[in-house]
Amino acid sequence: MEMSPIPKTAPFADEEIDLLNRVVGTATPVQRAWLAGFLAGLDASGGTPALHPAAPARPAEPLTIVYASESGNSEKLAGDIAKAARKNGLKPTVIDMADLELTVLTSARKLIFIAATWGEGDPPARAVRAYNELMGEGAPRLDGVEFGVLALGDTAYAEFCLVGKKIDERLAALGGKRVVDRVDLDLDFAEPAARWIGDAVKVLTPPNAGGRVIEVDFGGKPSAPASTDIVEAEITEHVDLNSSRSDKETIHLALSFENGAPAYEPGDSLDLYPENDPAYVDELLRLAGLAGDEKLRADFIKTRDVTTLSLKTVETYAGKTGHHYVKALIADGQAREWIAGRQLIDLIATFPIALDAETLRALTRPLAPRAYSIASSRREVSDEAHLLISAVRYESHGRERKGIASNYVAERLRKGGRVRVKLKPNKHFALPAPDRDVIMVGPGTGVAPFRAFVQERRAVEASGRSWLFFGDRTFTHDFLYQLDWQEALKDGALTRMDVAFSRDTPEKIYVQHKLWDRRAELIEWLDGGAYFYVCGDAKAMAKDVRAALVRAYADVKSVTPEVAEQAVVTLEREKRYLQDTY
Amino acid sequence: MTDEVSRNERIKEASDYLRGTLEQGLREEITGAIIEDDAQLVKFHGMYLQDDRDLRPERTRKKMEKAFAFMIRVRIPGGVLTPRQWLMLDKVARDYGNGTMRLTTRQTVQLHGVIKSNLKATLKAIDTVLLNSIAACGDINRNVMCNVLPEQSRAHAAAIALARSISDDLLPHTPAYREIWLDGERIAGGEGEVVEPIYGKTYLPRKFKVVVAVPPSNDVDIFAHDLGYIAITDDAGKIAGWNVIVGGGMGMTHGEPDTYPRIAEVMGFCRTEDVLKVSEAVVTVQRDWGDRRNRKHARLKYTIEDRGLEVFRAEVEKRSGVRLAPAKPYTFTSTGDRYGWTEGLNGRGHLTLFVQNGRVQDLPDAAQQSALRTIAQMHDGDFRITPNQNLIIANVPTEKQAAIERIAREAGLLAPWSGLRRNSMACVALPTCGLALAESERYLPELLDALDRKLAAHGLSADDIVIRMTGCPNGCARPYLAEIGLVGKGPGRYNLYLGAAFDGSRMNKLYAEDLDHAGIVEALDPLFAAYARERQKGERFGDFVIRAGHVVASGNGADFHANVRLYEPI
Ligand code: SRM
Ligand SMILES: Cc1cc2nc3c(=O)[nH]c(=O)nc-3n(C[C@H](O)[C@H](O)[C@H](O)COP(=O)(O)OP(=O)(O)OC[C@H]3O[C@@H](n4cnc5c(N)ncnc54)[C@H](O)[C@@H]3O)c2cc1C
Ligand SMILES: Cc1cc2nc3c(=O)[nH]c(=O)nc-3n(C[C@H](O)[C@H](O)[C@H](O)COP(=O)(O)O)c2cc1C
Ligand code: SF4
């Protein structure tokens, strides 16, 4: 219906009044609320857009957004949701699960969780505490709280999106009201996530937003985040740091960028865009009866994930091919067990059937980049970035397997070649003030970010002490960056270093044993405010290191394991116990 | 020549009786090396800091320091081990070393590739079977050698007893070894207390080597050593006393004629009860008279060359209070080992095994190390390392002989090698030896294959011919006492020496320089042919090449470099 809210008496020319009526008259409540906020903000800022719009006439609906993130994907989506929510007249508060106090949830009326799954179905390291509280006895009731959950994961893992699933169940069990259904998203989550966010925000926005003022963001945000576009780099150094006698291969990769390296900080990673092993793709196409399709071949080598075998893949295979045995496999509920340690190629080899290009494509997903901790500081290498990449090779079900990205780097990239990368900032694994002490635990490739730390602390002449724990197989053949560490100890960039080599002695020695041996000084450093960093293997190492630290506390302070555990939890809450594990 | 004492002298002086800063160096985890000066001191504890030379080219590129590791040389007087001791050495070699054991030309066992962080564990382990590496290297008396298998086993008992008493008597007294490696209590020397009554603060100017021989076997190569005792038996076969010999040594430097190998001279005869007095006197005279300014001129052999044997004997008699009688006659027949079984006392037998170049290992086609482990587990006699890098399973009771022989045979330790290979030795050289100029241990087997084919063609396969190779002129495999001596000059290049006496009493002479593999074979083949054709009854290859005029017989000392007529390859 046509109405003219602007009275003829308004201080405007007639044609202006008509124009205004045409806009305001047809405006939705939300649009009006927005205009109100806009004008108020415009005024308050004396003509130029203000950072802080006028206080709303009636408080906007609060929306609590909690994310559990390790490598930043969930965190970014949380930001997107907040933006969309604000547009719709909601008042979002974004909380990193690392800082979540459960009481906050009880007072929340609308709640969105975005949770990634890590390790083998574990929560992201820094979310562990709050996650356990949420799952534990003491968790508060959430009667009436409206919620929705977005789960991030990777179908390559058996426990796909487990953490998101668990949180979703738990919120309901605690009395929460599921108003948006959960989605479980794979590595190619961008579009589906955007869609889910749109729907969720709609659902969570109260039907009548009337009479409210929407906070208008005049875009005066602080410094914009470092550019994270895909850039091409030239490989200026490509060396296997393991000795020719080692059974490991760890590549030191130096990248240089024409227009300057991405603005990375110590602790950040680079996403590296790999290509598949042509030989592997050829075999896959041969088995699928698609050998000779050059277009498909080129496309598969560059853009498709040709190894991952998930339940989803098996189901699609059964669906599209109608293969009896595969159907049976699913029917008998054996599929899950069967795919363990297997790849797409095993499926096609074991249950052969001619496939057309489209079916084969449907069985794959986009080839995802792999993250690698940056092992250098721009303050020392300026336009370069260094990576430390361990070639993943193993045997399973009678086949030699090769990790895609690591072997792309180890076997097919060479000095002078080029590679595409993208900055993956990680502000949760950054250095403290230069005067603080740091303890770094980084066995294997876990030592990469600490080379960046040490270079950085040298460049800024940090006054704080730094202590590195490194470990690998053998002293003689696997001591990564040995000369660099020796130099750092000489020039003081590194105060102290302890090493653990597991295969030099009959009984294996790991970094956690060294932490235990040095427990007295270790606790002394931590009491003095030192930061404790752990990087590398998530499956065993990170857990063993934490356990060792708890035992160290208990022993040095002669307190109960419970008290010691609390001491470490406190470190985590104070963000002095930081992890970047994979 | 300056009057400055050599750097090593200052290091010893400042070391507080061989302690230096070793403990501090061991605590530094991020380097496999120790503090520079300590590298000289650690030798006195029986260890050498080495690095794997095969890996040198790649290390810096890989951002790694040299592949440092230690060689540990165990002290084993006379080379006699119990099976339990053998098993322990075999275990530490696999747990901490490069997996192999190396039987040496001085009857010891060397472990290679022990990294710094494993040194203490290794030495503690061998300590549990009463073995150590004290003074196995360094400017001090080394392992005392002893003839392994005399025809008269009764004489061997006396000889080994003598070797052990000399070894004990000349041990350093400093407690440094126990403190540093076995975490023993630091024993502070009381005021003015004499820590080293024989050696003093700076020990000897250079290494010092003692041997005991029982004729007719000269397997210990007695003339290559600083001090030696030759058993003189009476008609009843009992030991009457010992001829004392002094001033032998092999080492020299290419292109420096004032360095040369030297045959020890017989100084006189003494009774068993005087041996320690004489030994101590010889050591202290060398301690005071030896050249401490130039390490290339510091061995006893040069002291005696410079002062003359008479003057030296007089001083030794003065200090020891022992009047040396004129030397008694003796005859040596050979320097080699006698393979297979030999009869021992009360029905027990001794089995001599051939271990190529002393490297005890499991070869692809012959698990020798494992075989010896099995033997050690069932054996209750002893193991004896021969001066030719071989091994004897000694004192095997009749009932066990068949079983032990079977195991040894299956592992190729009793293979029917040619007379040349049976009398061959090669020093360690590459990749561990820091002084090697050319390959030795890793190359000799291949050269022998080629030479064996030539010898077979001339029907000489069964003839005993002594051949020895070293990777540099230091002479670790006593190449100058071999009928055929090959000494490394540079990568793939060797000097060829000919004409030493089969019984070890005469050195050889340079015959050709800088030969490569083909050159060596070409140089020797016609000589083998001539030997097969023209030799007189029982004539040795070393004597033949002299009689036939291919080389001039070497006299002693500096004469080694004289009258060299180089053969021209055609
Ligand atoms: C293992 C052994 C050779 C073998 O294949 O068995 C050996 C190996 C080495 N000898 Fe030797 N020598 C060995 C018997 C000898 C002999 C033979 C003998 O004594 O009957 C000699 C010649 C006799 C003599 O002393 O004159 C010998 C004369 C040398 C020399 C030269 C000494 C000299 O005064 O001219 C050196 C270099 C040096 O001392 O400066 C040397 C130095 C070395 C070193 C430690 C190299 C070094 O100094 O860095 C070698 C270690 C190599 C390795 O990686 O294991 N080695 N060395 C022998 C160990 C004997 C033992 O168990 O104690
Ligand atoms: C934040 C972050 C930082 C990282 N930093 C580094 C770094 O600095 N250096 C580095 O080398 N890596 C690092 N990684 C790991 C890296 O991203 C890749 O995961 C790794 O290189 C393997 O990738 P790929 O493509 O070679 O192997 P893929 O093709 O992805 O194959 C890996 C998969 O193979 C399977 N697999 C692997 N080993 C076995 C086995 N033994 N038995 C059975 N299955 C097995 C597992 O399913 C595994 O997920 C980091 C990861 C993250 C998330
Ligand atoms: C080392 C590692 C382990 C992972 N484990 C799982 C898993 O067990 N289950 C799963 O669904 N996804 C798993 N993922 C995939 C992540 O959940 C996925 O990358 C997600 O996008 C990360 O989100 P974040 O950046 O917010 O942490 C894993 C990823 C990595 C690198
Ligand atoms: S002779 Fe030379 S190369 Fe051979 S071990 Fe002795 S020092 Fe080394």
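How far is an oxygen atom of ligand 3 from a polar backbone atom of T117(A)? The distance is 2.5 Å, a polar contact being a pair of N or O atoms within 3.5 Å (within protein, one must be able to donate a hydrogen and the other to accept it, and residues adjacent in sequence count only if both atoms are side-chain atoms). Taken alone, ligand 3 exposes 630 Å², and the protein buries 90% of that; accessible areas come from the Shrake-Rupley method with a 1.4 Å probe, and for residues only the protein chains shown count as cover.

Please keep in mind that this is a predicted model, in which local features need pLDDT of at least 70, side-chain atom pairs count only at pLDDT 80 or more, and totals for chains, interfaces and linings use all residues. Residues are numbered from 1 along each chain as its sequence is written, chains are lettered from A and ligands numbered from 1 in the order in which they are written, and side-chain values use heavy atoms, leaving out hydrogens and water.

**Confidence**
- The model scores ipTM 0.90 and pTM 0.87.
- Chain B has a mean pLDDT of 95, with 98% of its residues at 70 or more; pLDDT is the predictor's confidence in each residue, from 0 to 100.

**Around ligand 3**
- Of the 21 residues around ligand 3, those that come nearest are S69(A), E70(A), S71(A), S74(A) and T117(A) (near means a heavy atom within 4 Å).
- Oxygen atoms of ligand 3 also lie 2.6 Å from a side-chain N or O atom of S69(A) and 2.7 Å from one of S74(A).
- The shell of ligand 3 has eight nonpolar, nine polar and four charged residues (Ala, Val, Leu, Ile, Met, Phe, Trp, Tyr, Cys and Pro count as nonpolar, Asp, Glu, Lys and Arg as charged, the others, Gly among them, as polar).

- The loop between β19 (467–470) and β20 (484–490) of chain B holds C476(B).
- Residues around ligand 4 include C476(B), C427(B), C433(B) and C472(B).
- Seven nonpolar, four polar and no charged residues make up the shell around ligand 4.

**An open sheet in chain B**
- Five strands form an open antiparallel sheet in the order β3-β16-β17-β12-β11 (chain B); strands pair if DSSP finds at least two bridges between them, and helices (H or I, at least four residues) and strands (E, at least two) are DSSP runs, numbered from the N terminus.
- At the edges stand β3 (80–81) and β11 (340–343) of chain B, each with a single partner strand, so one side of each is left without a neighbour in the sheet.
- Antiparallel strands β16 (residues 382–385) and β17 (residues 391–396) of chain B are joined by four bridges, and F383(B) stands opposite I393(B) in β17(B).
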